[in-house]
Amino acid sequence: MAEKMRKLVESANTESEALAKNTFLKDKIEVIQAKIEDPNLPIPQVDTIISEPIGVLLIHERMLESYLYARDTYLKPGGTLFPSTGSIFLAPFSDIALWTETMGKARFWEQSSFYGVDLSALYPDAKDEMFGMPVVGCFDPRTLIAQANPGGYVVDFYTITMEELQDMTIPFIWQASYTGIVHGIAGWFDLHFSPPPSVPSGNTIAMSTGPAAERTHWQQVRFLLKEPLAVNAGQTIQGWMRCVVNEMRSYTIEAEIMVGEGQLTNPTIPLTSIYNLDFNRRRGKWRLHEQTYNYNYYPQSDNLFRPEYNCLYEPEHPIDTTVVVENNFVDDNNQFII
């Protein structure tokens, strides 16, 4: 693409006015074909950086690290970043068909005589792998048991450091709108294009990749639990999701989700070393680069839809679904508190 862009710029910069094309580009664009991290690039300090460094769940592919490098190396003080911020949203979902399909793939390896070969020794590994693969694809927003926390988890590209980007823990607290089964955690993100704080009168443009928004190529992503979790309408669901960079230019993700009251475990304690989880608590681990895909959902303009079609059941009396998220921290007993 850099080579093609260079041809367009050269056609505008030609000395012959008769042969010049796209003259509005003349003497305005310089194409530099390189990695932004390459040393000694002939790039001055700039007023604006525009990039598309976004992957699934905002962070996959780790392109944001190059974006921050460009910010720290080439952006003038008070300069503008487009996009400016990203907000990660998480919400619990119920999808028995998706969970059963995934479990069916794992159960293939339970066979004790597949053409005479006993595969059952691989079943635990198969289950870990199948449920450790994030499911990318659009889904029906009516499968959400609770709404995501308003505003989401904000990643401010003006201020976030490289270290903060490489190890993030996202807390969440929801109140269930329905009685049903939590099969996992759904995730998506919004992008905002805003002027820097030094420009008080600018307009912000927002773009959403959520399940109720117009489709984008990022779609959404779902993280399935190996063991689903039952919840009643009105109950509180709380937890955290920790995202840590890995060598595959992506993230290894762990999450804990708990229904009702109680203390959350410390996100830094590995899954293999924590105590046996309670009946109302689940913990999972996924590799964001090991994605699988599900394209079964197509939006329907069906006014006859009812929640029970998705195995979700409305409470008999209305409930207050207002949730307030307060500061979160790890207490003296190494417990993660929301």
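Which two side chains meet in a salt bridge of 3.8 Å, N to O? Glutamate 101 and lysine 105 do, where a salt bridge means a side-chain nitrogen of Lys or Arg within 4 Å of a carboxyl oxygen of Asp or Glu.

Quick housekeeping, everyone. What you see is a predicted model, where local features need pLDDT of at least 70 and side-chain atom pairs count only at pLDDT 80 or more, while totals for chains, interfaces and linings use all residues. Residues are numbered from 1 along each chain as its sequence is written, and side-chain values use heavy atoms, with hydrogens and water left out.

Okay, back to our pair. Both residues sit in helix H3, four residues apart, about one turn of the helix. By helix I mean a DSSP run of H or I with at least four residues, and a strand is a run of E with at least two, all numbered from the N terminus. Glutamate 101 is partly exposed at 38% relative accessibility, and lysine 105 is partly exposed at 39%. For those words, buried is under 20% relative accessible area, exposed is over 50%, and partly exposed is in between, using a 1.4 Å probe and protein chains only.

In general, strands of a sheet pair through backbone hydrogen bonds.

Let's walk across. S10 and S11 are joined by 10 bridges, and glutamine 238 has methionine 258 in S11 as its bridge partner. Then seven bridges join S11 to S13, including the one between isoleucine 253 and tryptophan 286. So is S13 enclosed or open? Five of its seven residues are buried, so S13 is largely enclosed by the rest of the structure.

Arginine 242 forms one with aspartate 167, with the closest N and O atoms 2.7 Å apart. That pair links distant parts of the chain, S10 and S6, 75 residues apart. Arginine 242 is buried, at 18%, whereas aspartate 167 is partly exposed, at 34%.

Last one: arginine 283 and glutamate 254 meet at 3.5 Å, N to O. This pair connects S13 with S11, 29 residues apart, and both residues are buried. Through shared partners, salt bridges join Glu254, Glu256, Arg281 and Arg283 into one network. Over the whole structure, the search finds 13 salt bridges. That's me done, thanks!

Note on methods
Pairing = 2+ DSSP bridges.
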